[in-house]
Amino acid sequence: MDAQPTAPVPPPGCPAHNTGGRVPLHGPEFAADPQAYYTYLRHYGPTAPVELAPGVEATLVTDYATALHLLQDSGSFRKDARRWRDLNEGRIPPDSPIAPVLAYRPNAMFSDGAEHLRLRQAITDSMARVDSRRLSQSTEQVSNFLISQFGSRGSADLLGDYAKQVPLFVFNELFGCPADIGDRIVFGITGMFDGINAEQAMGVLFGAIGELIALKRAKPGDDVTSWLMEHQAKLTDEEMLHQLALLLVAGNEPLRNLIGNTLHRLLTHDAYAHQGGLIDEAIDDTLWENPPMQNLAAHYPASDMEFAGQKLQAGDLVLVSFAAANTGPALSAARQAGSNRAHLSWSAGPHACPSKEPGRQITVTAIENLLNKLPDVELAVPTESLTWRPGPFNRGLAVLPAKFTPVQPVRRPAPQAPAASEAQAQQDRTARGGRTERGGVWSQFLNWLTR
């Protein structure tokens, strides 16, 4: 009888033997089939040695129970990225592509203890004030506007033309952005994630948020920015700047990918056409099997320790693989038993996503409205030709080409919530001597609402 191998073979193209045994979570091979990598990583046990980018080492938790333990153990593991030992000791290249994601910022994501509780409470209390009907209405208006831009063509990139735009526009409305500020926020976030002049884009974004804070200090409104400002946590302008940036930036990328990945699933899996609960089912299956952020939740051991059979030093970088934990063998039985939302895609513990319900509502509304307006939409290219954006953290398509029967724009209902933003924008333009804006996409949306 032939001897059986004791460990699985690395996925095709995996150069783990060239990185000190660390499995690279970057490059086109990983982007094309991350699940093959997670299957291989499981042979290490609950945690595995990985490389996030050239020269950036980390420990990745791939087991569900181990991940849950880590996420809930704020005593042994901390979120403050200033503890990152490799960064502090100069082993992270200054131009590393992962530094902007993991570098410390004074916001709730990177804080611990009482400071985290204070900042987190301000965020959760403010987001809880968002009215679900207003959110659905705003998302539907955004959806209608975006569809009006490409509907008559009979084709679109549902990533660039739709999924990427929906969160930006909805958040601009929720946060009370007038036209000129909203245009720069859209520019800043888009540039950061697309990697086009990212440093300049970040400067534009933070400048725009600073102006939004000054505007709301002078004239509060019925929006998240004003509610955050009024919270009993008494946030300073500097704290406001970083909490707003966290909500706008960290909320956009996952939502963009969730909408896009769910649309991809609906367009490539025939089974959904014959099931009830079409959209909810597709969203849950996407969160389980193709989550929008596949590896994140950076943590740092507070002291030298042993964790899941591995020795860790204080300040080591430890990440959770939501994608691997969700699809591990231990979760199969729970999912089959009907626990369809026990996945970790919204994270868990004290740093779980504070906008889970609004995020899901935006996704449902955006997809539902798109399918209602374009009932025969289908993929315009072979499934195997689609490419996924590279990188260790997010999971999203580069493009999602689709085709459908062309539709003509329909007359819109009278504008409601977003009209207040346009009215404020008009006041701002009048105060500046009637100067018109340069026609950014947020301005175009507000003008479309009030035509």
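Buried means under 20% relative accessible area, exposed over 50%, and partly exposed in between, using a 1.4 Å probe and protein chains only. The model shown here is predicted, so a local feature needs pLDDT of at least 70 and side-chain atom pairs count only at pLDDT 80 or more, while totals for chains, interfaces and linings use all residues. Residues are numbered from 1 along each chain as its sequence is written, and side-chain values use heavy atoms, with hydrogens and water left out.

**View A. Ala-308 sits in the loop between β7 (305–307) and β8 (310–312).** Strands (E, at least two residues) and helices (H or I, at least four) are DSSP runs, numbered from the N terminus. Ala-308 has a relative accessible area of 34%, so the residue is partly exposed. Its phi is near 50°, a positive value in a residue other than glycine.

**View B. Ser-347 lies in the loop between α16 (329–336) and α17.** Here too phi is positive in a non-glycine residue, near 65°. Is Ser-347 buried or exposed? Ser-347 counts as buried because its relative accessibility is 18%.

**View C. Helices α13 (residues 237–268) and α17 (residues 356–373) cross at roughly 40°, their axes coming within 10 Å.** Axes are lines fitted to C-alpha atoms, for helices over the stretch in contact, and angles run from 0 to 180 degrees between N-to-C directions. The two helices are therefore oblique to each other: angles under 35 degrees count as roughly parallel, over 145 as roughly antiparallel, 65 to 115 as roughly perpendicular, and the rest as oblique. Look for Leu-255, Leu-258 and Ile-259 among the contact residues of α13, and Ile-362, Ala-366 and Leu-370 among those of α17; contact means heavy atoms within 4.5 Å. By class, the contact has 10 nonpolar, 3 polar and no charged residues. Ala, Val, Leu, Ile, Met, Phe, Trp, Tyr, Cys and Pro count as nonpolar, Asp, Glu, Lys and Arg as charged, and the others, Gly among them, as polar.

**View D. Six strands form an open sheet of mixed pairing, in the order β1-β2-β3-β9-β6-β4.** Its edge strands, β1 (23–24) and β4, each pair on one side only; pairing requires at least two DSSP bridges between two strands. Strands β3 (residues 56–61) and β9 (residues 318–321) pair in the parallel sense over 3 bridges, and Val-61 has Val-320 of β9 as its bridge partner. Helix α3 packs on the sheet, touching β3, β4, β6 (295–301) and β9, and its direction makes about 130° with that of β9.
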